[in-house]
Amino acid sequence: MMDKAKIAVITNDANQVFQQAVISGLRLVLEPDNLLILDAVGKDEQNLNVLSIDPIEMDAFIVIANVLSDGALHKLQALGKPITLVSHQVADLSMPSIRADSEDGMRRLVDHLVQCGCREFVFISGNMKQVDGVVRRQVFEEHLLRYDLELKKTHLLPGDFEVDIAEQSLETFLQLNLPFDAILASDYLMGVRALEVLKRHQFDVPHQVCVAGFGDGCEAVSADLTTVSIDIIELGERAGRQLLAQLKGIALIGTTFLRTEVICRASSC
Amino acid sequence: MMARQQPKATRRQLKRHNRRLILSHIYDSETISRAQLATVTGLSKPTVSDIVNDLIDLGLVVEGGLGHSSESGGKPPRLLYFVPESRQIIGISLFQEEIVGVLANLNASLLASHQIPISQTDPEIVIPLIEKAIYALMAQSDAKIACISIGIPGIIDEKGDVLRSPAFGWEKVSIINALKKTFDVPIYISNITELVIRAQVAFGEWQDDNHRYLATVSIGETVEVGTAFDGSVFQYGLDLSHIPLACEPAILNWKQLLQRYEAIKDHYPHSPLHKQPLRYLYIRSALKYKDDLAEILVNEISQSLAHIFAWVIAVGRPDQITITGDIIDLGDILTERTSRYLDAILPQESLYVTSISRAASLELSLLGTIAKGLQQEIGVL
């Protein structure tokens, strides 16, 4: 019997909601025929030295989001073993990756809010060091142009995919007393926090302001937030399939995208 | 003159025809019984039964619940259902900057897509990248692959060889032979504009009205025109970018637009278009601020487009002309101005039946690859 392939899943917090769901999907596809070994780098330590595994002893790697720096990914690639990136992409590296189709999802979310009559958007951006953060903001701003709308500089708020930062930015923005009729957050958790802030300031959602966020989870369901949903477990499953193909000797490049779906809830029309 | 005699269908061809006929009725119905199939196809009940049993063995059809008995009583019939998950189709569209592929079920629901950037258009580089896109989608597949369907701009012959693709600079490139060495499934290569119009006919607003005459003008690195009438699609893959037009300057493809921009941009030093690489979306945005350079470019594009439309209308007077390609980012202003120029070129009575619309080419070309696969391999749509 062949030995099980040892697959290292590199995270920076295996208990964080997104990473946990990806790992569940990976387990569905890769276990029990392969051995999944979770290893974490610290939040600010994007290098291989802090890993407890020895990469040389591993057969393949799954790297979630931007937990490793480009340099560390370079070193990992130099080992010549299969690698799949989840929700991440490095332009000059030929590693295959799996991502939600943020472009399509963001466009459809904008379409929905414009159909609700929204014209004056506030955008809470994500972490601009992550591909998803950059792409979502870029596609949002571009798609507004297709409706002859524009995002004003004052209406672009930092969020960094951190709810506390998003809350602080929105509080500061509200003090400016500028007109707006929609808030779109680069992830749903920031969207949920935005709803709480608006409630505190007694805004009438959705009649006065519509709110939506990218991604979906139980927090969005409880808050009745309109979202564009990504099946994160499926993201993990598809990453597992991509890695399996590489383990069979098929050299892959490029990015596989998952479809997204707009989930209309009470926070929009 | 003697009528040309049609060759007789062989038994195998007949069986294939009957199988496709039955499968298309099951595909189009939510549920249907064997007796109903015999009635709608005119085939005998034993023939229907044999074919249905074959389709069940192939996993394309399953038996479900019971239907209603006929008025004369008897056993209620077993209902048949099409199984869209029984096979999957890989569709690939080639663009100058990237290869985009999709994996779809037989009901054309898209399961995953895959993108690979292209830095050079040399066939020795592009063909291996197509293979990699196919492998990446095969890795995501959980059913047998029915076929691979690929769209390329340019002239494609009946064998699927690319005779000429100005967008890629290709002359006589046999992608199909290269891919057949690697993949043991049926492969179809088509012109990309044909696929766009095929998707419009199969899944678009005209799907239930095949008697319409539709034309699609695809604008990208090249300009191609496709037409569909009575459900049949026609496309020859000719690049119309360089046909003489009765207007100066002719701006149709992207290269011509860039050349024109470079030629006149210095006269408009304050144009917002200089802030970032030129895109149709930014031209549209600049129009909002009454930018003179954007005004000139949009007027010249619309005028050139109106001349192409005039040819299309003069030849066939289609019910609708659809513009596809990134150019649609210019929005309503493109259709409004093109229509205005058309009014000046053609007599009004030529125009009254033709409407002009816009559609995204990427989505349509990918859907078109799936439509082509379904039509060729499964015999439905």
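**Around a helix of chain A, and beyond**

Author: A:Asp160 is placed in the loop of chain A between strand S7 (156-157) and helix H5, where helices (H or I, at least four residues) and strands (E, at least two) are DSSP runs, numbered from the N terminus. This is a predicted model, in which local features need pLDDT of at least 70 and side-chain atom pairs count only at pLDDT 80 or more, while totals for chains, interfaces and linings use all residues. Residues are numbered from 1 along each chain as its sequence is written, chains are lettered from A and ligands numbered from 1 in the order in which they are written, and side-chain values use heavy atoms, with hydrogens and water left out.

The phi angle of A:Asp160 is near 65°, a positive value in a residue other than glycine. Most residues other than glycine have a negative phi, and most peptide bonds are trans. With a relative accessibility of 33%, A:Asp160 counts as partly exposed, because buried means under 20% relative accessible area, exposed over 50%, and partly exposed in between (1.4 Å probe, protein chains only).

Beyond helix H5 comes the loop between H5 and S8 of chain A, and here A:Asn177 is found. A:Asn177 also has a positive phi, near 60°, in a residue other than glycine, and A:Asn177 is exposed, with a relative accessible area of 70%. A:Leu178 lies in the loop between helix H5 (163-175) and strand S8 (182-185) too, and at 29% relative accessibility A:Leu178 counts as partly exposed. Leaving aside residues up to four places away in sequence, A:Leu178 touches A:Thr154, A:His155 and A:Phe173, where a contact means heavy atoms within 4.5 Å. A:Thr154 is 24 residues from A:Leu178 along the chain, and the C-alpha atoms of the two are separated by 8.6 Å.

Two other loops of chain A hold cis peptide bonds. One joins A:Glu31 and A:Pro32, with omega about 5°, and A:Pro32 has its place in the loop between helix H1 (17-30) and strand S2 (34-40). The other runs from A:Val205 to A:Pro206, with omega near 10°, and A:Pro206 sits in the loop between helix H6 (188-200) and strand S9 (210-214).

From loops we can turn to the packing of helices. Two packed helices are described by the angle between their axes and the distance between the axes. In chain A, helix H3 (residues 102-115) and helix H4 (residues 131-146) pack at about 40°, with their axes 9 Å apart; axes are lines fitted to C-alpha atoms, for helices over the stretch in contact, and angles run from 0 to 180 degrees between N-to-C directions. H3(A) and H4(A) are therefore oblique to each other, since angles under 35 degrees count as roughly parallel, over 145 as roughly antiparallel, 65 to 115 as roughly perpendicular and the rest as oblique.

In chain B, H8(B) and H9(B) pack at about 120°, again with a stated axis separation of 9 Å, and that angle makes H8(B) oblique to H9(B). Here B:Tyr280, B:Ile283, B:Ala286 and B:Leu287 of H8(B) meet B:Ala294, B:Glu295, B:Leu297, B:Val298 and B:Ile301 of H9(B).

Helix H7 (residues 254-264) of chain B has as its buried residues B:Trp254, B:Gln256, B:Leu257, B:Tyr261 and B:Ile264. Seen down the axis of H7(B), these fall within an arc of 160°, so they line one face of the helix; the arc is that of the directions from the helix axis to the C-beta atoms. The buried residues of H7(B) pack against H8 and helix H9 (292-316) of chain B, whereas the face turned away from the buried side carries the exposed residues B:Lys255 and B:Ala263.

Lastly, two residues have contacts in both chains. B:Arg284, in helix H8 (residues 280-288) of chain B, is buried, with a relative accessible area of 11%, and the residues that B:Arg284 touches include A:Tyr147, A:Asp148, B:Asp329 and B:Leu330. A:Thr255, in strand S11 (residues 255-258) of chain A, is buried at 4% relative accessible area, and among the residues that A:Thr255 touches are A:Gln89, A:Arg99, B:Ser113 and B:His114.
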